[in-house]
Amino acid sequence: MNIFVLLRLAPDTVEELEIGGDGKSLDADILRFKPNDPDEHAVEEAVLLKEKHGGTVTVAALETPEVDDILYTALAKGADRAVKLTGDLGAAQSEAAARLLAGFLKAGGPALAPDTLILLRSQSIDDLEGEVGPYLAEALGLPYACVVTQVAPAGGAVKVTREFSGGLRGEFTLPLPAVLGIQSAEKPPRYVPIAKVRAAMKTARIETVDAGAVEQPARVGVERMYKPEAAGRAVMIEGAPEEVADKVVELLSKNSVI
Amino acid sequence: MAKPILMLAEQVRGQLSDISFEMLGLGRRLADALGAPLSALVLGSEGAPLAARLGLADKALTAEDPRLNMAPPGTMADALRQVIEKEQAGLVLIGATNVCMGVGSILSARTGLPFVNNVRQAQAEEGAVRLTSQMYGGKILADVRLGGACGIAGIYPGAFPADAGRSDKAPPVEAAGVTVTAPKETFERYIEPETGDVDITKEKVLVAVGRGIQTQDNVGMAEELAAALGGAVCASRPVIDQGWLPLSRQVGKSGMNVKPRLYLALGISGAPEHWEGMQGSQCIIAVNTDAKAPIFDGAHYGIVGDALEFIPLLTDRLKARRG
Ligand SMILES: Cc1cc2nc3c(=O)[nH]c(=O)nc-3n(C[C@H](O)[C@H](O)[C@H](O)COP(=O)(O)OP(=O)(O)OC[C@H]3O[C@@H](n4cnc5c(N)ncnc54)[C@H](O)[C@@H]3O)c2cc1C
Ligand SMILES: Nc1ncnc2c1ncn2[C@@H]1O[C@H](COP(=O)(O)O)[C@@H](O)[C@H]1O
């Protein structure tokens, strides 16, 4: 199989977020980025598929600071090729990013190899649309499924399990090539020791491909960004840990929970 | 007069989801403020009885075709595109749910209409609509203005009251006249929720563990606390993804919707997708080392501290009380 995984660092939301001077975006100076869960699951699923069905795994990302780290980590986990798309990428939002990625995927010719599977996260948290996958599928004219938790290729098609809600899931069959928004891999993402990532940095090479300029559809812009006002902030229970535990017992007994 | 508003009703196995009524209430409010008509679209076979329940719409449209049952996003978007053209619709409301995920983006790519996802607030103003989108895991809000009230809004579940969308009236129902092109993606079958040993939707007390629980062994500690409280353990997605608890214990957007008397959230940040599944809990007590975790914005009681330290202290006290 010819598997592509598209990666991107995500802002770390456990860190403090501040609004920038323009009032319309986050203060980039204090934003910390980290690999996100869905991307790690997409890499894991790709490597599992390769282990089961053979083929190659190519990881690709638009150039952003520190993106090399996630590419090398993916190589250390079993990806065969890493590609960084460079160029004037601006702050490529979902649709623009999808167009750049589609351009790269189609560089080898307009038709992708018939055993191609493109994996990426289901959703992003840092733009208005929050979905690159469907835009990418649309740009490539390929079938698409999102919130995918199981992937089983067989004979020119792929069977996937999609999550709906309340634990209900659905099974879909897509002809290949296809784009899949991965929610969880079949197994928890593997851990690679940092030494293995360092070894990948020494032996592997990240290819760079000029992606050209970003074509930003800019259909609608953010007018104002702000932090939500907590409507009903929790009553905080304070004190030494033992005291806190005592107060919780009291609270539960007052509310007849115990 | 502003262009008509169109909402996509969401159905799963012949049942309208709550989001349908949440969007209908919102759509009615915006339509009245803009002086625009409101249409509701129901996709899938046997849409007529569902359409009859959407009385707040000025008209309900059906597209009764089995290929539209649990249709993939491209197929739903194609049906919507045809109806938008026919009705000359301006604002389109779609649920920001797993079932409809992807529809807004594909529709936007095909129509050129702007798409704003995860909308929590919406106001009509002078022929335009102001939308507030939730970003960065619920930590940031972004205001966007749709000029001419034209665009696609993905409405976040639970952000608008469903009761505002219910009515005893029946709307006029028409066939939408949609031409369905066979989807490339074929829906094969439903996979029923795993019935675990415990049904967390029926438990009165839930001890919920998140990534902050750190190891599988610590989940055992939470089990002990749940036993002392006479309840069960449930979890956020990262814990389930690690395989530390079965899928039947997941709370949230993709998991279960729970409404226990007590929800003890341990090491859970309170991401919107988790909040969605537990917001109906009667009493929420959250323990988190991060004083700024969003969970404290919605919980009733909060404790800034180490859950791993808190769990045994509380368990010991509960056991001592029982003697
Ligand atoms: C389409 C989609 C569907 C989703 N469906 C679901 C769903 O159904 N259910 C769900 O839960 N998520 C779902 N998610 C994922 C969701 O967005 C979050 O990633 C997830 O809820 C985060 O889980 P968490 O709070 O456990 O982890 P984190 O966000 O990583 O938070 C861990 C928290 O633990 C705290 N902490 C760390 N150590 C300690 C300690 N010792 N004591 C106390 N606190 C500590 C940290 O401060 C942090 O706040 C979905 C996402 C998508 C995109
Ligand atoms: N992700 C979240 N985590 C914690 N609290 C939240 C979250 N989302 C909404 N809330 C709070 O839940 C309450 C009800 O919000 P709403 O869903 O808008 O009715 C408000 O106090 C919100 O601040």
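How far does a backbone N or O atom of Gly267(B) lie from an oxygen atom of ligand 1? The distance is 3.1 Å. Bear in mind that this is a predicted model, where local features need pLDDT of at least 70, side-chain atom pairs count only at pLDDT 80 or more, and totals for chains, interfaces and linings use all residues. Residues are numbered from 1 along each chain as its sequence is written, chains are lettered from A and ligands numbered from 1 in the order in which they are written, and side-chain values use heavy atoms, with hydrogens and water left out.

**Around the ligand**

Ligand 1 sits between chains A and B. Its shell has 30 residues, and Arg211(B), Ser236(B), Ser269(B), Glu273(B) and Asn288(B) come nearest; here "near" means that a heavy atom of the residue lies within 4 Å of the molecule. Sorted by class, the shell has seven nonpolar, 17 polar and six charged residues. For that sorting, Ala, Val, Leu, Ile, Met, Phe, Trp, Tyr, Cys and Pro count as nonpolar, Asp, Glu, Lys and Arg as charged, and the others, Gly among them, as polar.

In chain B, α6 (237–241), α7 (272–278) and β16 (283–288) each supply at least two residues of this shell. Helices (H or I, at least four residues) and strands (E, at least two) are DSSP runs, numbered from the N terminus.

| Residue | Atom on the protein side | Distance to a ligand 1 oxygen |
|---|---|---|
| Ser269(B) | polar side-chain atom | 2.6 Å |
| Arg237(B) | polar backbone atom | 3.0 Å |
| Gly267(B) | backbone N or O atom | 3.1 Å |

On its own, ligand 1 has 990 Å² of accessible area, and the protein covers 87% of that. Such areas come from the Shrake-Rupley method with a 1.4 Å probe.

How many cavities of 30 Å³ or more does the structure hold? There are four. A cavity is a set of points, on a 1 Å grid over the protein atoms alone, where a 1.4 Å probe fits but cannot get out, and lining residues have an atom within 4 Å of a point.

The largest cavity contains about 110 Å³ of space. Its lining has 18 residues, with Glu131(A), Gly95(B), Ala96(B), Met101(B) and Asn117(B) nearest the centre. Two or more lining residues come from each of β6 (91–95), α4 (103–111) and β7 (115–125) of chain B, and β7(B) has the largest share, three residues. By class the lining divides into seven nonpolar, eight polar and three charged.

The second largest cavity has about 80 Å³ of space. Residues lining this cavity include Leu6(A), Leu62(A), Leu101(A), Arg121(A) and Val132(A). Its lining comprises seven nonpolar, no polar and two charged residues.

**An open pocket**

The second largest pocket has a volume of about 1,000 Å³. A pocket is an open set of grid points with protein on both sides within 12 Å along at least five of seven lines. Of its 43 lining residues, Ala91(A), Ala92(A), Gln93(A), Asp126(A) and Tyr136(B) lie nearest the centre. α3(A) gives the most, with three residues.

Technical notes:
Polar contact = N/O pair within 3.5 Å; in protein donor to acceptor, adjacent residues only side chain to side chain. Points joined across faces, edges and corners; volume = space filled by probe spheres on them.
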